[in-house]
Amino acid sequence: MTEQKGEDGHAAFATLFGLDAPLEESTPEGGARRGFLRRFKESLTKPRQAISPQLAGVYASKLVNEATWEDLEEALITADCGMPATMDLVDALRAQAGEGRITSGTGLARALTDEIGTRLASKPPRIELGHDPTVVLVVGVNGSGKTTTIGKLAHQLSSLGQTVIIGAGDTFRAAAVEQLAVWADRAGADIVRQSPGADPGAVAFDAVAAGRARNADVVLIDTAGRLQTQNNLMEELRKVSGVVGKAMEGAPHHVLLVIDATTGQNGLSQARLFSEAVPVSGLVLTKLDGVARGGIVLAIHRELGIPVVMVGVGEAVEDLQPFDARAFADAIFSPDSGSGE
Amino acid sequence: MFDTLSDKLQGIFSGLRGRGKLTPADIDKAMRGIRLSLLEADVSLPVVKQLTTAIKERATGDEVMSSITPDQQVVRIVNEELTRLMGGTKVGLAMAPSPPTVILMVGLQGSGKTTCTAKLARLLLNDGRAPLMVACDVYRPAAMEQLAVLGAQVGVPVHMDTGSTDPVAIARGGIALAKRTGRDVVIVDTAGRLSIDDAMMAELVAIRDTVKPTSVVLVVDAMTGQTAVEVASAFDAAVQFDGVVLSKLDGDARGGAALSIRAVTGKPILFVGTGEKVDALEPFHPDRMASRILGMGDVLSLIEKAEQTVDVDDAKRIEERLRGGNLTLDDFLEQLQQVRKMGPLGQIMGMIPGFSKAAKMKDVEVDERRIDRIEAIINSMTMPERKRADIINGSRRRRIALGSGTTVQEVNQLLAQFKQMQKLMKRMGKGGMPSLPMG
């Protein structure tokens, strides 16, 4: 069973990276995919339990009336979706109800997960590789989980046969480089590092240069956590991204913004201001294994259209998973995800 | 879209002035505005409901209905209710009657426990105490090293055992060490954990029962959304914490989590983390937090900040020269630099009532760059030029523009502005120090 999970993860990651699926998975592709979805949903059942009392009330109602809509609105707000995204969703569902397409609580449940799934899946998550090397810059506020995400991502890439170089660009936080070195060691990736307090741009440049010299497939660059309102630090980030572009034309190819799933409406400000500094191409939603529901990604998607590419649903290496909008919507908002179909 | 609540309420009420009477529909509209504003600030929904009910009751009373400025009355009521819910006055950290005082730091992953541990240790050290930090995070790679580095930075010893996988044993060793070496406060840093992870919560209980803390402190990220209450309640149920440190409050998070946790668990907010550096930990002021959640700015913090960073002697010297009516470009530059010393302009602007941060962020960024250029222009002038701006003729302007990497137009603009300021000064004569035109 454990092995099965690993293989499912491989297939999903291969798709995420635009790679050919690993050989051992030429077995019925549908079966493997279902297994992976199950794991994704299983790991997401805990947050669902936290929201279910509210949604359970909505879904249990025989008729859909004004009180049902209010309950639904509150459930979405409690999931950190934010007011504008909540109103969007409720309005869309009200319109469907007006056409007679939703008449009961269960109908509403299906329509809600459909609506959320469709919205978030407007762009399929991709972190295309294929550059020599592909450079990925990882950014975010303090404590969002950048370093851990890089560690897990390096592991997934390595196990798909990609050679990875990690640039330890967080030269500010005490022992950040040591933390990353442990992850690099676990993943069998090389790490490029300098002394604490070094210029992060120089580290990033060296990492890309090393990636080119050693023919690496992927260069992952860590950055120090910074609050999006710290103009000087955002300026520094812009510089790091620029330096990476000097080291290799067209780089960074992907900029991932890491957001903690417990984040409230400030997440919108994070997405806005980080996007102004660097070309954020995807979100990584971390720590979705607690009571957090991560509704903020709906607010961000609504305003900025940035797709979620990965979610972190646990501490273990294989708990970083490619994002599946449907599974996410089902796990968090569907009445029957806990029982697993 | 990020209008402050006070702006919103003014919008709702301004049309009503002079009519003398508010209809229930007006009140409902105002309540919706308040509700939205609180939700945008991440105040948890049950607390929002509780608040709006209390506010509505007071808002429909005479104090608002008969007022000629109903909008201001409502804002005042909201502010009062928020402050009341947040506990009124500030609370400090309890010390044990017989040392060592033991403080146990708990929280989710990435909430900022380790950083707060070091900040707290530094604060206590400055208070004349002899703290010891204990590193009990055996899970996150290099977590202990992080505390060790921070310990060296703040000058506080750290007890750790990188080979150990038993946090309870490390904690026990830390207390014993403190007793042996006469340390009077022990701050125990623990691994981040999910409130629903039973095994990890059990471990926390074991640590607590071993070290018998004077206070258990929950560290909460100021950016936390609606889950703040659930998380806090779960930690409270497991280890009964005594107070909260709200971390990362230096960004633009409104920090509704603080209000929610205080309202639901009744536990006070003790400190707030306000920056990356180890000295950025401040006592919590409930009234200021209320203003922040309302988006009403924080004038008191701004004044405090100014007092801390502005050199009194410098300010006096400039003021004297202003009274004499001869402001030089050097003074102008100095004043600019004093304002900048207080921190990024965006942060300062956010403390000024009426400046909702998110909405004006773009303008502020531009301003920051403009000030850079003004500094460069003045720095490219010779000493005589700075003392007597009227000697700066066309060729000098070209040289200054070239030297500062700007254009002659920009130099002209600055000089024109400066001339205007000088005129203003002269007219004000013996008045106090005017503020800079920042726009």
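Colleague: Which residues point which way from strand 1 of chain B?

Modeller: In this predicted model, B:Thr101, B:Ile103, B:Met105 and B:Gly107 point one way, while B:Val102, B:Leu104 and B:Val106 point the other way.

Colleague: Why would they alternate?

Modeller: Side chains in a regular strand alternate between the two faces of the sheet.

Colleague: Are those residues buried or exposed?

Modeller: They are all buried. Strand 1 of chain B, residues 101-107, is mostly covered, with 7 of its 7 residues buried.

Colleague: Which strands does strand 1 of chain B pair with?

Modeller: Strand 4 of chain B, residues 185-189, runs parallel to strand 1 and is joined to it by 5 bridges. Strand 5 of chain B, residues 215-221, also pairs with strand 1 in the parallel sense, over 5 bridges.

Colleague: What stands opposite B:Met105?

Modeller: In strand 4 of chain B, B:Asp189 does. In strand 5 of chain B, B:Val217 does.

Colleague: Switching to chain A. What is the strand order in the open sheet there?

Modeller: The order is 3-2-4-1-5-6-7-8, for 8 strands with mixed pairing. Strand 3 (190-192) and strand 8 (320-322) of chain A are the edge strands, each pairing on one side only. On average, neighbouring strands are turned by 25° against each other, direction ignored.

Colleague: Which helix packs on that sheet?

Modeller: Helix 9 of chain A, residues 200-213, touching strands 1, 2, 3 and 4 of chain A. The direction of helix 9 makes about 170° with that of strand 2 of chain A.

Colleague: And how many bridges join strand 5 to strand 6 in chain A?

Modeller: There are 5, and the two strands run parallel. The bridge partner of A:Ile259 in strand 6 is A:Leu285.

Terms used:
Residues are numbered from 1 along each chain as its sequence is written. Chains are lettered from A and ligands numbered from 1 in the order in which they are written. This is a predicted model: local features need pLDDT of at least 70, side-chain atom pairs count only at pLDDT 80 or more; totals for chains, interfaces and linings use all residues. Two strands pair if DSSP finds at least two bridges between them. Helices (H or I, at least four residues) and strands (E, at least two) are DSSP runs, numbered from the N terminus. Axes are lines fitted to C-alpha atoms, for helices over the stretch in contact, and angles run from 0 to 180 degrees between N-to-C directions. Two residues are in contact if their C-beta atoms, placed from the backbone, lie within 7 Å. A residue is buried if 20 or more other C-beta atoms lie within 10 Å of its own, exposed if 12 or fewer, and partly exposed in between; C-beta atoms are placed from the backbone.
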